[in-house]
Amino acid sequence: MPATAVKPATTECADPGAPDHEVLIVGTGFSGLGMAIKLKQMGMSDFLIIDKADSVAGTWRENTYPGCACDVPSHMYSYSFEPNPDWSQMYAPQAEIKNYLERCTDKYGLRDHLVLGTKATGADWDESAGLWRCRGQGPEGEVSLTARFLVSGIGGLHVPSEPDFPGIENFDGTVFHSAKWNQDYDLTGKRVAVVGTGASAIQFVPEIQPTVRKLDLYQRTAPWVLPKLDRRIPKVERALYRRFPSTQRAYRVALYWFLELVVLRAIKGERFGRLAEKLGRKNLERQVADPVKRRRLTPNYEFGCKRMLMSNTYYRALGEPNADVITDGIAEIRANSIVDSGGVEREVDAIILGTGFDTQAMATSVALRGVGGKLLGDEWAQSGIQAHRGTMVAGYPNLFFLLGPNTGLGHNSVVFMIERQIELAMKAISEAGRRGPGVSVAPTVSAQRAFNDRVQDELRDAVWSRGTCQSWYLDSHGRNITLWPGATWQFRNELTEIRLDEYEFAAPEQPAAAENRITAAVAA
Ligand SMILES: Cc1cc2nc3c(=O)[nH]c(=O)nc-3n(C[C@H](O)[C@H](O)[C@H](O)COP(=O)(O)OP(=O)(O)OC[C@H]3O[C@@H](n4cnc5c(N)ncnc54)[C@H](O)[C@@H]3O)c2cc1C
């Protein structure tokens with residue numbers, strides 16, 4: 001880490017025209033690292049990547065629960081420009097994905113650009129200088145720096161959602177969220193309550209069920225769980241990918257179209273969805289004999305409304321005699337027990353929250369002030385979280401959200417989406433650079449509105465909003481702020497070109513005093 005990379009907080013304004021760095025990237029997951037790699041490849045080395053954690057890899061550093069793995073095939077859930085022939089499983093475990101991101105950090109020489117243990121807290125757009133004044137909290141206190149461009153890669157599934165159950169403060173046992181797994185706590189022989197039945201819970205429940213004395217699963221809604229087409233990738237296949245990279249590329253293409261043509265159809269198409277429901281019911285019936293448990297585990301909503309889950313072991317684990325599925329809500333937590341809304345009290349030693357993430361934290365966790373000092377969190381509180389093409393926001397020049405609003409997927413790899421957004425960001429940065437030193441770029445209000453109206457129109461009639469469907473994809477107004485409504489190739493088409501009439505370019509009042517490095521990189 002360069003010692004001078006982040007300056008201590010100061011009120012001094014040394015040179016209003018020249019930023020400390022051309023680009024500041026926040027976050028070291030697939031988004032932040034991907035952006036950094038592409039900047040380097042463009043010949044731009046004046047960037048800094050900060051992360052509040054002490055190591056890279058984002059999601060895949062944070063989530064260390066037993067059984068943690070991706071649920072999109074690894075050959076697709078990785079950068080297109082950095083294939084990994086050595087994935088050991090169709091759905092690689094957490095440690096392998098973390099190692100992959102660590103390797104990318106080394107291979108592309110990103111370590112010198114990293115400032116870890118530093119949390120971004122806010123950034124203000126300085127209109128006259130045409131740069132972002134950014135604030136953060138580092139190990140030695142407050143830090144500040146300026147950057148021409150700001151890239152947010154802070155992740156949509158990053159801040160754990162931890163419900164405040166009545167009486168939880170009185171609990172004498174251990175409580176932790178799946179994203180903050182307590183590795184020091186031995187679950188062997190314990191009475192464990194698991195709250196939630198989302199993508200993380202269905203991975204760790206089968207791992208802990210054989211070792212715990214009692215497993216009480218508190219379920220609000222039963223997910224659709226389909227068989228997981230997982231397999232170990234044999235050494236010979238890995239060798240083939242290594243020796244003939246084109247075979248791996250072909251495999252990725254096949255996976256891509258399977259996910260787009262089959263899985264997306266199952267989620268969005270009613271006829272395909274009914275077939276998927278049949279498959280889910282069979283999966284349940286094959287593994288759970290007890291009719292009461294089966295009834296409780298049968299979803300009561302249309303397939304696709306919530307995230308589709310896959311597991312070959314979840315139902316089997318819940319079918320075991322030491323596991324119970326409780327559908328009454330949690331009314332109270334006492335020193336050694338949980339009381340459900342039916343008045344039944346069950347003793348527990350530990351509570352594991354599989355309650356997912358605060359998907360709206362993106363709006364407020366870094367306080368961003370744009371043109372005229374407007375606070376983005378306030379604007380989004382009124383308009384709903386939205387961005388132009390999921391990436392840029394009118395009134396907030398030179399700001400890019402990777403995995404921003406409406407770029408999430410239920411059927412394919414979000415790394416594909418991140419890469420498209422990075423391409424758009426690079427084009428916007430180049431276009432601004434081409435126009436001269438310090439020129440900034442932001443989408444117009446009308447372009448952003450037109451884009452979001454179109455996206456919301458498409459989402460309105462889709463499975464995620466149909467009938468009584470409720471999920472974490474929706475905000476408190478029932479607006480889907482999370483998902484991209486269509487196929488990922490349609491997203492690619494939307495972002496392939498930067499349509500210049502959708503953007504405003506502005507020169508700062510005080511042009512850059514130093515050589516504009518973006519302009520130089522573009523010229524080179
Ligand atoms: C358990 C789990 C499994 C998943 N599996 C899949 C899958 O199979 N397929 C799929 O497509 N998606 C999956 N996802 C979604 C996953 O989040 C994305 O695929 C991807 O990892 C997001 O990358 P990111 O870089 O945008 O964000 P993250 O990986 O979340 O990284 C964000 C980084 O920003 C840092 N950060 C946050 N706030 C600040 C701040 N204020 N200042 C400084 N640093 C900050 C964090 O410390 C973190 O390192 C999964 C998510 C989870 C939780």
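I count a residue as buried under 20% relative accessible area, as exposed over 50%, and as partly exposed in between. The model I am reading is predicted.

**Entry 1. Nonpolar patch**

I began with leucine 261. At a relative accessible area of 49%, leucine 261 is partly exposed. Helix H6 is where I found leucine 261. Which helix gives the largest share of the nonpolar patch? Helix H6, residues 245-268, supplies five residues, the largest share.

**Entry 2. Cysteines**

I searched for disulfides and found zero. Cysteine 68 is in no disulfide, and its nearest cysteine sulfur, in cysteine 70, is 8.8 Å away. Cysteine 68 is buried, at 6% relative accessible area. Next I checked cysteine 104. A disulfide needs the two sulfur atoms within 2.5 Å. Cysteine 104 is also buried, with 2% relative accessibility.

**Entry 3. Salt bridges**

I turned to charged pairs. Side chains of opposite charge can pair when their charged atoms come close. My cut-off was a side-chain nitrogen of Lys or Arg within 4 Å of a carboxyl oxygen of Asp or Glu. The count came to 28 salt bridges.

I looked up lysine 180 and glutamate 162. Their side chains meet in a salt bridge, at 3.3 Å from N to O. Lysine 180 lies in the loop between strand S8 (174-177) and strand S9 (191-195), and glutamate 162 in the loop between strand S7 (141-152) and S8. The pair therefore ties together parts that are 18 residues apart in sequence. Is lysine 180 buried or partly exposed? Lysine 180 is partly exposed, at 46% relative accessibility. Glutamate 162 is partly exposed too, at 40%.

Arginine 435 and glutamate 431 came next. They form a salt bridge, with the closest N and O atoms 2.6 Å apart.

Then I checked aspartate 457. Aspartate 457 forms a salt bridge with arginine 460, and the closest N and O atoms are 2.7 Å apart. Both residues sit in helix H12, three residues apart, so about one helical turn separates them. Aspartate 457 is partly exposed, at 46% relative accessibility.

One group goes beyond a pair. Which residues are linked in a network of salt bridges? I noted Lys98, Glu102, Asp106 and Arg111.

I moved to strand S17, residues 350-353. Both faces of strand S17 are covered. Ala350 and Ile352 are buried on one side, and Ile351 and Leu353 are buried on the other. Strands of a sheet pair through backbone hydrogen bonds, either parallel or antiparallel. I looked for the partners of S17. S8 runs parallel to S17, and four bridges join them. S9 and S17 also pair in the parallel sense, over four bridges. Isoleucine 351 turned up in both pairings. It is the bridge partner of valine 175, and it stands opposite alanine 193.

**Entry 4. A three-stranded sheet**

I then read the sheet made of S14, S15 and S16. It is open, its three strands run in the order S14-S15-S16, and the pairing is antiparallel. Which strands are the edge strands? Strand S14 (330-333) and strand S16 (345-347) are, since each pairs on one side only. The twist averages 25 degrees from one strand to the next. Strand S15, residues 337-340, pairs with S16 over three bridges in the antiparallel sense. I picked out isoleucine 338, whose bridge partner in S16 is arginine 346.

**Entry 5. A loop residue**

Last, I looked up glutamine 470. It is in the loop between helix H12 (445-460) and helix H13 (488-496). Is glutamine 470 buried or exposed? Glutamine 470 is exposed, at 53% relative accessibility. I also took a distance to isoleucine 233. The C-alpha atoms of glutamine 470 and isoleucine 233 are separated by 37 Å. Along the chain the two residues are 237 residues apart.

Terms used
Residues are numbered from 1 along each chain as its sequence is written. This is a predicted model: local features need pLDDT of at least 70, side-chain atom pairs count only at pLDDT 80 or more; totals for chains, interfaces and linings use all residues. Side-chain values use heavy atoms; hydrogens and water are left out. Two strands pair if DSSP finds at least two bridges between them. Helices (H or I, at least four residues) and strands (E, at least two) are DSSP runs, numbered from the N terminus. Axes are lines fitted to C-alpha atoms, for helices over the stretch in contact, and angles run from 0 to 180 degrees between N-to-C directions. Buried means under 20% relative accessible area, exposed over 50%, partly exposed in between (1.4 Å probe, protein chains only).
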